[in-house]
Amino acid sequence: EAAAELNGLLQRNSAQLAQLQADLATLQAKRAELEQALAEAAPRADALQAKLSRTEQEYQVYMVEAEGTIRNLKEHSERLQGQLSDCISRLQSFESRLAASQTVASQLSAANKKIAELQLKALEDESTMNSLRIAQAEKDAKLSEESARLKALRHGTELAVRKLVAAEEACESGYTCPSCLTILNKPVTCMPCGHTFCSGCLDLKDVSGGLAFCPECNEHTVRTTVGAQTLDLLSGKFIYRKQVLGDLLEEMRRT
């Protein structure tokens, strides 16, 4: 029984082997056919490869030429654009000049018409023109007199302003701090010596024997300080007057 099974297995294996051999023969035949087809197709593939290489070379040459052409076209387009812009600018300038010329022509026509009317009126009423000339001469004479009077008045005003400026400058020392030599700012008066300084120029911390230091006395004599409100007000008014007079004098010099 085991031998029968083994014999059956061998028969099946033999059948499979035969089938495999038949399949192998078929595959070998197909391989031979494919090798023959490949051998036949090789020359055509080489030809196609050569043609492809030539096509790529021609394409590269074409691309180089096309790039050069594109550059030339761009440059030409830019030149044309510049020429077009220049033409547009010239056209606009011409239109502006034409409009101005038309305006001038219209004004000239109106002026000619007015001149014709004035000439006709002058011919019709010469006596009126003579009267106008006489009246104009009288006005010119009055204007000259008024101009001379105003000039003299201006000269007198300028002299008065100069005197006021000089007087203010002469009074400046009365509003000047003896410490910083500028116009008093929030002045205080030292007691009992009576010297006046800017509040920022007086060092009340410098104390000796209960007395603060006075820069003008050059010693410690100050028992207390009193705010000089009136002098502060006068100093402010002095600065304002000086500035106004200076501006007025400068304006008169320019005119």
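This note goes through the salt bridges of a predicted model, pair by pair.

1. Taking a side-chain nitrogen of Lys or Arg within 4 Å of a carboxyl oxygen of Asp or Glu as the criterion, the count in this predicted model comes to three salt bridges.

2. In helix α1, which covers residues 2-124, the side chains of arginine 31 and glutamate 35 meet in a salt bridge with an N to O distance of 3.0 Å. The two residues lie four residues apart, which is about one turn of the helix. Arginine 31 has a relative accessible area of 56% and is exposed, while glutamate 35, at 45% relative accessibility, counts as partly exposed.

3. Helix α1 also holds arginine 90 and aspartate 86, again four residues apart and about one turn of the helix from each other. Their salt bridge has its closest N and O atoms 3.0 Å apart. Here arginine 90 is exposed, with a relative accessible area of 57%, whereas aspartate 86 is partly exposed at 34% relative accessibility.

4. In helix α2 (residues 126-171), glutamate 146 and arginine 149 are three residues apart and therefore separated by about one helical turn. These two form a salt bridge in which the closest N and O atoms are 2.4 Å apart. Glutamate 146 is partly exposed, its relative accessible area being 33%, and arginine 149 is likewise partly exposed, at 46% relative accessibility.

Key
Residues numbered from 1 in each chain as written. Predicted model: local features only at pLDDT ≥ 70, side-chain atom pairs only at ≥ 80, totals over all residues. Heavy atoms only, no water. Buried < 20%, exposed > 50% of the residue type's maximum accessible area, 1.4 Å probe, protein only.
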